[in-house]
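Here are some exercises to work through with the model open beside you. Try each task before you read its solution.

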Amino acid sequence: MSNNKLFGLIFCLMFSAGSAQADEAQLKRGAHVAVEVCNTCHSLKYLKYSDFLKLGFSKAEVDAMRGTKGMADPLISQMAPADELAMFSTVPPDLSLMAKARDGGANYIYAMITGFYTDAKGQTANHVFPGIKMPDVFMIAQADAAGRQGIEQKARDVSAFLEWASDPQAEERKTLGRYVIGYFVFLTVLLYFLKKKIWKRLD
Amino acid sequence: MNKIIAWVDQRFPLTFFIKHELTDYPTPRNLSYWWGFGFLAGFVLVIQIVTGIFLAMHYKPDSNLAFDSVQHIMREVNYGWLIRYLHSTGASAFFAVIYTHMARTLYYGSYRRPRELLWWTGQGLLLLMMATAFMGYLLPWGQMSYWGATVITNLFKATPVYGDQIVTWLRGGFAVDDPTLTRFFSLHYLFPFLIFAAVAIHLVALHTVRSSNPSGINLADKDNIPFHPYFTIKDLFGLGIFMIVYLLIVFFKPDLFIDAANNIPANPMQTPADIVPEWYFLPFYAILRSVPDLAGGVVAMAISVLIFAAMPYLDRSRVTGGARYRPIYRAMFYIFVIDIFVLGYVGAHPPAGTLKMVGEVCTAIYFLTFLLLPFVSRWEEKFVLARGLPPAVEAMARKEIAEAEGNV
C-alpha cells in the first residue's frame, strides 16, 4: 500500500469515527425520563445533578429536577434499598454505567424496555431478559399501536441518555482525538520524509 | 558544554556509551520494519509506567472503593479518562507489539545461536509482562476482574500436596478479596520496574550478539550502518504509525478491549455467564480448557508459554535466515500463527460441541509443531541443501554443519 493510500485511510477513519451522536433535545428528553421514572427505583450514583448543566439544561431546570437535593448530590434512588428488596426481592442495579455494562449498550436497554409482552399464562414477561424482576413501567405489553409508538420514543430517548451518562466525556474525547490524530499524522509524514532524507546519505 | 562533557567523561563513560551504543553501534542496513517492534515495546512500557503512576495517585486499592475510584478517575480527575484509556489500551498494545516481536524472531530464526540468551531474557520478560497484566486486570474490581482472578488463582490448586495452601497464600484468604486486591496492586506497581531492569539485560545481550537480519548471513562491515541516525529515524517513523493506530483506539474505540461485564462491580455471589480472559491470554486459556484434567490443563498451558525457550534446540536446521530459505519451516510458521488465532477464537467462547473439538485439535497442532520441529528441521536441511541455496547462505550452513560434525 502506498503511503498516500495509508494516510487517506487514516483520515477517513478519523472523521468517520464516532459520528453517530444523539442530539441534545433527545438527551434532554431522556434525562427527564431517567429522573422522573428510572430514578424512582434505580440510582445513577456516578451522575451529579450539576452534570445536567453539561446537557444544556438551564440552572432553573436543574433546580426543578433536583427538588430538595443539592447540586453536587449524586442521583440516588428515591426508594430505600431495603424497601426495594422487600418489594422486588432484588435491589435494582445502578444505571450510570448500564450502557457500558451490557453487550449491545443503548440498543440492549431499548430492547429490554420495549421487550415486555403478555405470555400465554397472562403474565408479563420479557423477550430480552427472561425472569426480569422489573415491572413493565411504561406498560408497553398492554399498549395499542399509538401508545406503543410513544413508549418506543421514550425508550429510545432514555437509552440515548444512559449512553451519554455512561461516558459523559465522549464528546470531549472525540474532539480532542481529532486534533491529536491530526497532529500525529502530520508528524509521521514529516518523519517519513526525514527518514528518506537521512537514508539517502547511504546511496 | 564540551567542558562539562569532558568533566563527566573522566568520571563516567558518557561519550563512550553514546558512541558504542548509538552513533557507532553497527546495525545491519537491511533490517525491515519488523525489527522496529522491540523499540515500540520499550516505548509502550514507558507509556504504561507513566500513565500507571498517575493512575495510582487517584486509584484506591480497597475492595469497597476500587470500582468507584476508577469512575472518579473517568469523570472527575482532569483528563483522567485519557490517562486511564491510554493505560487500558496500552496493555493490549503492549501484547500486540510483543507478539509481533516474537513472531518476527520465530520467522527469521533470530533465536538461533548465538542469540539463545537474548531469546531467553525475552522469554523472561514475557512471563513478567503476563503476570503484570494479570494482576493489573484485577484492579478495576469489575466482575471479569474478580472472576478472572478467581479462575486463574484456582489453577494453582493443581500443585501436588500443597495446592490449597498455595491458592490461599496467593489470595491472602480463602477467596479473592481485599487482601488479594492490595497485594496485586502492590505487585502491579513493582513488576514494571523489574521489567524495566530486565529490558536493560535484554539490551546488553542484544548489543553483545547484535541484531540478526533478514538475509540470514553475517553482513560484511560495509553493510552495517550506525544505529544513529539511521535506525533512530526509522524507528521514530514506525513509532508515528504505531501512535496513530494506538490513539485511534484510545480516542475513538476505547472500550474495544474492555469486557462489558467489567463495568459491573465485582460480586462474589454472582458468577458471570461466561468468564473470558483478556484477548492476549485467550490462546493459552483455550489450551488450558482443551485438556480435560485440571492438572493436565495447567501443565499444558504452562508448557505452551515456556516451550518457546526451547526453540534454539528444537530447531536443528543449520540453514540460516529462518523461514526465508526454508519452505517447510515457513509453512509450519504460518500454520502455527493461524492455529493461535483459531485457539484465540475458541478461548473466547464456551467450550461445547464442535468448538470444543476444534480447540482440542488446535492444541494438538500447537504442541505437534514443536515436537515435530527437531525431525522436520533436520530433514528439511538436507532437502534445501540438495535443492540449492544462495552461495553465502549455503556456505554458512555448510560451515556450521562441518563444525558440528567436527565436534562429534
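**Exercise 1. Find the contacts of Ala93(B), then describe its setting.**

Step 1. Leaving out neighbours within four places in sequence, Ala93(B) is in contact with Phe242(B) and Tyr246(B), where contact means heavy atoms within 4.5 Å.

Step 2. Before going on, a word on conventions: this is a predicted model, in which local features need pLDDT of at least 70 and side-chain atom pairs count only at pLDDT 80 or more, while totals for chains, interfaces and linings use all residues. Residues are numbered from 1 along each chain as its sequence is written, chains are lettered from A and ligands numbered from 1 in the order in which they are written, and side-chain values use heavy atoms, with hydrogens and water left out.

Step 3. Now place the residue: Ala93(B) sits in helix 5 (residues 80-107) of chain B. Helices here are DSSP runs (H or I, at least four residues), numbered from the N terminus.

Step 4. With a relative accessible area of 10%, Ala93(B) is buried. The classes are buried under 20% relative accessible area, exposed over 50% and partly exposed in between, for a 1.4 Å probe and protein chains only.

Step 5. Ala41(B) is 52 residues from Ala93(B) in sequence, and their C-alpha atoms are 8.6 Å apart.

**Exercise 2. Describe how helix 3 of chain B packs on helix 10 of chain B.**

Step 1. Helix 3 (residues 37-58) and helix 10 (residues 227-252), both of chain B, pack at about 50° with their axes 10 Å apart. Axes are lines fitted to C-alpha atoms over the stretch in contact, and angles run from 0 to 180 degrees between N-to-C directions.

Step 2. That angle makes helix 3 of chain B oblique to helix 10 of chain B. Under 35 degrees counts as roughly parallel, over 145 as roughly antiparallel, 65 to 115 as roughly perpendicular, and the rest as oblique.

Step 3. Helix 3 of chain B contributes Phe39(B), Leu40(B), Phe43(B), Val44(B) and Ile47(B) to the contact, and the residues from helix 10 of chain B include Phe242(B) and Tyr246(B).

Step 4. By class, this contact of helix 3 with helix 10 of chain B has nine nonpolar, one polar and one charged residues. Ala, Val, Leu, Ile, Met, Phe, Trp, Tyr, Cys and Pro count as nonpolar, Asp, Glu, Lys and Arg as charged, and the others, Gly among them, as polar.

**Exercise 3. Work out how helix 8 of chain A lies against helix 10 of chain B.**

Step 1. The two axes come within 9 Å and cross at roughly 165°.

Step 2. Helix 8 of chain A and helix 10 of chain B are therefore roughly antiparallel.

Step 3. The contact of helix 8 of chain A with helix 10 of chain B divides into 24 nonpolar, three polar and five charged residues.

**Exercise 4. Locate two cis peptide bonds and a positive phi.**

Step 1. Most residues other than glycine have a negative phi, and most peptide bonds are trans.

Step 2. Arg113(B) and Pro114(B) are joined by a cis bond with omega about 5°, and the bond from His228(B) to Pro229(B) is cis with omega near 10°.

Step 3. Tyr79(B), not a glycine, has a positive phi of about 55°. Tyr79(B) is in the loop between helix 4 (66-75) and helix 5 of chain B.

Note on methods: Helices (H or I, at least four residues) and strands (E, at least two) are DSSP runs, numbered from the N terminus.
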